[in-house]
Amino acid sequence: MKRFTLALSVLLLLLTVGSVSAADYDDQNDSDSLITGTVTYCNDSEPFEGVVIDVTSTAGDRVASTITGPDGTYSVSFSSPERTFIVSAVAPGHVIPSRTVTLDDSGRATADFKLGTLNLTKGSWDIVGLDRNDVNTGRTSISYRSV
């Protein structure tokens, strides 16, 4: 019985020390940050489910990521000492828009997106090809010819 009581006391002590350390860490990283928003289709205001929302620092480091729900909304929370971030909405076959957001005093920001599809038609850009491909210099140039 004494061993059980001693083991339980040590476990409680370790849990208490761990929670204090986590609280100190959060204070060093400013406060919790929260970015919310809604993603809709470009042609109408229908919600866009399954869009990947990426939050990166201005230096390009990924900070957080989430996916939009059935109603097209998202909410991503993280801890960071920075106040300005780049938020991108990624869905296959769609233009990838980005927004630079700055958190307010409470650590919150909003970034809404409307996603449009990438449509290239034969009449808009007919030929995409190589003008030359010089294997000796490693130079390649690409030309686009509008029709």
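Author: The following account begins with the whole protein and then turns to the core and its surroundings.

The model is predicted, so local features need pLDDT of at least 70 and side-chain atom pairs count only at pLDDT 80 or more, while totals for chains, interfaces and linings use all residues. Residues are numbered from 1 along each chain as its sequence is written, and side-chain values use heavy atoms, with hydrogens and water left out.

Along the sequence, the pattern reads α-β-β-β-β-β-β-β-β-β-β. Of its 147 residues, 26% count as buried, where buried means under 20% relative accessible area, exposed over 50%, and partly exposed in between (1.4 Å probe, protein chains only). Contact means heavy atoms within 4.5 Å. Among the contacts in the protein with a separation of 6 or more, 48% are made by residues 24 or more positions apart.

The largest nonpolar core holds 20 residues, of which Ile35, Val39, Val51, Val55, Tyr74 and Val87 touch the most other members. Two or more residues of this core come from each of β1 (32-41), β2 (52-57), β4 (73-79), β5 and β8 (113-115). A nonpolar core is a set of buried Ala, Val, Leu, Ile, Met, Phe, Trp, Tyr and Cys residues joined through side-chain atoms within 4.5 Å.

Val39 lies in strand β1. With a relative accessible area of 0%, Val39 is buried. Not counting residues up to four places away in sequence, Val39 touches Glu46, Pro47, Phe48, Val51, Ile53, Thr68, Gly72, Tyr74, Phe113 and Leu115. The C-alpha atoms of Val39 and Lys114 are 5.7 Å apart, although 75 residues separate the two along the chain.

Ser88 belongs to strand β5, which spans residues 84-90. Ser88 counts as buried because its relative accessibility is 14%. Apart from residues up to four places away in sequence, Ser88 touches Val52, Ile53, Asp54, Ile96, Pro97, Ser98 and Phe113. The side chains of Ser88 and Ser98 are joined by a polar contact of 2.8 Å; a polar contact is a pair of N or O atoms within 3.5 Å, and within protein one must be able to donate a hydrogen and the other to accept it, while residues adjacent in sequence count only if both atoms are side-chain atoms.

Asp54, one of the residues that Ser88 touches, also meets Arg62 in a salt bridge between side chains (2.9 Å, N to O). One salt bridge is found in the whole structure, the term being a side-chain nitrogen of Lys or Arg within 4 Å of a carboxyl oxygen of Asp or Glu. Asp54 is buried at 12% relative accessible area, whereas Arg62 is exposed at 58%.

The aromatic pairs come to two. The rings of Tyr41 and Phe48 are stacked, because their centres are 4.1 Å apart and their planes stand at 15°. Phe78 and Phe85 form an edge-to-face pair, with ring centres 5.0 Å apart and planes at 75°. Rings of Phe, Tyr and Trp (its six-membered ring) pair if their centres lie within 6.5 Å; planes under 30 degrees apart count as stacked, over 60 as edge-to-face and the rest as tilted. Tyr41 is partly exposed at 35%, and Phe48 is buried at 8%. Phe78 and Phe85 are both buried.

Definitions and conventions. Helices (H or I, at least four residues) and strands (E, at least two) are DSSP runs, numbered from the N terminus.
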